[in-house]
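Please open the structure in your viewer and keep the selection panel at hand.

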Amino acid sequence: MDTARNVLAYLETIWNALNPGGVWINLGPLLWHFDNVAGESSIELTRDEFLKLAVKMGFAFDEKKHKDDIVLTYTADSKSMLQYTYHAFMCVARKPE
């Protein structure tokens with residue numbers, strides 16, 4: 001989600017791609033790639049704002065499946081002393097039938 005200049009457009013694409021009853025699983029950080037990039041505009045939301053927006057669009061979240069602070073590696077070689085990690089969150093939503 002954080003690669004979006006306009007997260008609303010991403011959410012609309014997911015909504016349109018899902019059949020009624022379809023499940024969307026999101027796992028990743030919210031780093032907002034275009035934040036503080038000169039000449040770029042983007043919408044950067046907090047985790048809670050992001051979830052509220054998705055709910056307003058109609059997604060139904062299973063809050064029991066929300067997980068915060070999941071440590072993920074990125075372009076990591078497990079044998080290297082250099083490791084890039086992200087603290088991500090996971091959410092699971094369904095498009096209502």
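What follows is a sequence of selections, with a note on what is found at each.

This is a predicted model, in which local features need pLDDT of at least 70 and side-chain atom pairs count only at pLDDT 80 or more, while totals for chains, interfaces and linings use all residues. Residues are numbered from 1 along each chain as its sequence is written, and side-chain values use heavy atoms, with hydrogens and water left out.

Of the 97 residues, 31% count as buried, that is, under 20% relative accessible area with a 1.4 Å probe and protein chains only.

Next, select W15, W24, F50, F59, F61 and F89, which ring pairs link into a cluster; rings of Phe, Tyr and Trp (its six-membered ring) pair if their centres lie within 6.5 Å, and planes under 30 degrees apart count as stacked, over 60 as edge-to-face and the rest as tilted.

Now keep W24 and F50: their ring centres are 6.2 Å apart and their planes stand at 80°, so the pair is edge-to-face. This pair joins strand β1 (residues 23-28) to helix α2 (residues 47-57), across 26 residues. W24 is buried at a relative accessible area of 7%, and F50 is buried at 0%.

Finally, select R47 and F89: R47 lies over the face of F89, 5.5 Å from the ring centre, the criterion being NZ of Lys or CZ of Arg within 6 Å of the ring centre and within 35 degrees of the ring normal.

Technical notes
Buried < 20%, exposed > 50% of the residue type's maximum accessible area, 1.4 Å probe, protein only. Helix = DSSP H or I, 4+ residues; strand = E, 2+ residues; numbered from the N terminus.
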